[in-house]
Amino acid sequence: MSAGTPKSLPSSGQKSIQDISHPLSAEDSVLTPSPDIGNTTSSIGEKDLSLPNGTPVDTSSPASSSSLLNRLQLDDDLDGETRDLFVTVDDPKKHVSTMETYITYRVSTKTTRTEFDLPEYSVRRRYQDFDWLRIKLEESQPTHLIPPLPEKFVMKGVVDRFSEEFVETRRKALDKFLKRVADHPVLSFNEHFNVFLSAKDLNAYKRQGLALLTKMGESVKYVTGGYKLRSRPLEFAAMGDYLDVFTQKLGTIDRIAQRIIKEQSEYLVELREYGPVYSGWASSEGDLQEPLEGVSGCIANCSTALEELTEDMSEDFLPVLREYVLYIESMKNVLKKRDQVQAEYEAKLEAVAFRKEERTGVPTDVEKCQDRVECFNADLKADWDRWQNNKRQDFRQLLTGMADKNIQYYEKVLAFEQLELEK
Amino acid sequence: MVEEGAHLVKKMEICVAEAEKRMGKNSVNIQETYTVYLIETRPIDAVAEGQNPAPDSLWRRYSEFELLRNYLLVTYPFVVVPPLPEKRAEFVWHKLSADNMDPDFVERRRVGLENFLLRVASHSVLSNDKIFYHFLKEESGWKEVVFETGFQAKADSRLRALNATFRVKTPDKRFTELKHYSDELQSVTSQLLRVRARVADRLYGVYKVHGNYGRVFRYASSIDDILEEEEHYADQLKEYLFYAEALRAVCRKHELMQYELETAVLDLTSKKQQREELATGTVRTFSFKGMTTKLFGQETQEQREAKLQVLEEQIIEGEELVKEKTVECEEFVKNAWVDMERFKEQKDRDLKEALINYAIMQIGVCKKGIQVWANAKECFSKM
């Protein structure tokens, strides 16, 4: 992925992002992120209500080839772009063996890519496998943002690992994870990902991989050699700030959402008691019986509608919030790594400056570092853009969905009430 | 004054226009704050003709309303007398206070008092009552006039009798059923009010938490409207809760009357028996007198005749009493039944309307909710 001659060092942070030409970018003038980020951090108070109008397809995003045009879109709205890799996770099944009980999911792939031997695959994977894939991706693509997985551990006493709800929530999250990877222009071509999707026996590959690792430095290993970064470049500092604020806001929303769920549940309890009182009354009345029964039925229907609404909220809304919290965690880590790389580079540069005589050997080292820094920055930036867009979409979908659900709820109640009125 | 048979409400506009706080000394000479209500009356004809005369008005406090009602209860025992709004706030939930001085409570009470007056004024029997008319028209001296009717004494004796336990031998089936119904109605409405209060409480909580999301979700201003309408619905239920009590009271009074009749009949029968025994000399029933005569010798002829005389008088009195009571009872039953029918129709009508309004209110709430979320959705889609 690194290419091109090292240009002048951009990491002193004074230049705005637009001045940095990305090695892979064809056009770098349309980059809008800088004002973008500036706007987002300042408007976060309004919680995305006044984010600048980001169109779903950001044509300015760097990186070449048609694979980039496979924008990450989680709904089927393709905007006219073509994708050549489709992945789905479904069909959870329970496996009972003497040693343990666990769940596997079917992973189905359809693709026209030449990197794959067959156009279609169907394999079964368990959570462990997904976890392995994620670790592998992190190791082999450290400069990229790897999408998060749902939480690994659940308290055995508290949550039933085999309950329908839990399995379904997990399946959705795993599905999202793979789709995100599949739509990533770089990650989707990762060898491990390929194997994950296609291999019949993944465990054999895993063992092989371990052996290989010790032989080749297959990845660019960034040593965190205790280098201290003097100053983060502006745009990355802005990213860091944004992430901090965003985490905060997410936390608030999560808390509020949970409280809402709680209040709604309590309201539901009372409602369930309320309806039958009307029925009881109806039994001792003559003319009033019908309308009273009507009211009772109405309330029962409202209760059901409310129950659905609350369920949707905990099953669809909350998990997405949590997922983004995990995402942000990993993003912060990537930022830190980037800082490390830059620190290393700067330290080495300084060292060179002191030893002006030796111009042959060390500069290559310095150059290598510079390379790394630039690549890191570029990758990160690209991923950041993508993430921002996806996040925007995700949240838009999420909140719109929530709004819709609520609207549906009210409409249902409305319909019932109107029906009742006619009586 | 008022013609017989015409309902006062058709001739006169009545309203309880305002409420005011006053300070005064009460019966134990301590300063207290109380609320007075302004009653305004105006002849309808004048209004219809386009004139706009100033209404007659006077101030009354709650205790005077209570007095009026008690008077009506005693004077017309066969009527299901409309109830007054509650003295103290009950079935409240967190947002509302249970304070009698709270302006919202006072306001709702004002409405309740007006409602009471209108109901009395539209009752075929009650609206003709002179004391009632006096209550509306003359501020001073009304209390004295009421007490002069002597209803208080009747009230006390009635109260004592009603509170005593007694069994009626041949209860009227219709009244028994009605009593059961009134018990049912009472228990169901009070249960309903309790649960409704909790429901409203929870709902309010839900709305409040949503408000934390931000401007976009502020249902704020509309919450107060919703709450007010909820309270109005609750008030309507409460009225019928108290009405149920009034209904039960009528049933009890009938029982009392029946019981008194039965007692009078029994009494008469036993007296007649005594006369028979005395006349024929046979002792069929045990009496202490009988015992003593056996032990100490027979009475003289004169003694017996004197006793017979007394008995005859008593029997005649007794027969009169039984006749009286029977007529009373029959009148009561007739009138009461008429009023029951009226009450039933009124109840069905009122409650149906209340339920419909409740449904309409809920629909309004839903529409608002849809609006709020549609707005939110629009905001989100601009992201």
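A:Phe116 touches A:Leu85, A:Thr111, A:Tyr121, A:Asn194 and A:Leu197, leaving aside residues up to four places away in sequence. Contact here means heavy atoms within 4.5 Å. The model is predicted: local features need pLDDT of at least 70, side-chain atom pairs count only at pLDDT 80 or more, and totals for chains, interfaces and linings use all residues. Residues are numbered from 1 along each chain as its sequence is written, chains are lettered from A and ligands numbered from 1 in the order in which they are written, and side-chain values use heavy atoms, with hydrogens and water left out.

Where does A:Phe116 sit? A:Phe116 lies in the loop between β2 and β3 of chain A. Helices (H or I, at least four residues) and strands (E, at least two) are DSSP runs, numbered from the N terminus. Is A:Phe116 buried or exposed? A:Phe116 counts as buried because its relative accessibility is 6%. The cut-offs are under 20% relative accessible area for buried and over 50% for exposed, with partly exposed in between (1.4 Å probe, protein chains only). A:Phe189 is 73 residues away from A:Phe116 in sequence, yet the C-alpha to C-alpha separation is 9.9 Å.

Now take the sheet of chain A. Three strands form an open sheet in the order β1-β2-β3, with antiparallel pairing. Two strands pair if DSSP finds at least two bridges between them. The edge strands are β1 and β3 of chain A, each pairing on one side only. Neighbouring strands of this sheet are turned by 20° against each other on average, direction ignored. Axes are lines fitted to C-alpha atoms, for helices over the stretch in contact, and angles run from 0 to 180 degrees between N-to-C directions.

Follow the strands in turn. In chain A, β1 (residues 85–96) and β2 (residues 101–111) pair over 10 bridges. A hairpin of four residues joins β1(A) to β2(A). Across this pair, A:Val89 stands opposite A:Val107 in β2(A). Next comes β3 of chain A (residues 120–126), joined to β2(A) by seven bridges. Here A:Thr104 stands opposite A:Arg126 in β3(A), and A:Lys110 stands opposite A:Glu120 in β3(A).

Helix α4 of chain A (residues 164–182) lies across β1 and β2 of chain A, running at about 150° to β1(A). Helix α5 of chain A (residues 191–198) packs on the sheet and touches β1, β2 and β3 of chain A. The direction of α5 makes about 90° with that of β3(A).

Turn to chain B. Its secondary structure comes to 11 helices and three strands. The elements run α-β-β-α-β-α-α-α-α-α-α-α-α-α from the N terminus on. Chain B has 383 residues, of which 44% count as buried. Among its contacts between residues at least 6 apart in sequence, 75% join residues at least 24 apart.

Two packed helices are described by the angle between their axes and the distance between the axes. Helix α3 (residues 62–75) and helix α4 (residues 103–121) of chain B pack at about 30°, with their axes 12 Å apart. That angle makes α3(B) roughly parallel to α4(B), as angles under 35 degrees count as roughly parallel, over 145 as roughly antiparallel, 65 to 115 as roughly perpendicular and the rest as oblique. B:Tyr62, B:Phe65, B:Leu68, B:Arg69 and B:Leu72 in α3(B) meet B:Arg109, B:Leu113, B:Phe116, B:Leu117 and B:Val120 in α4(B).
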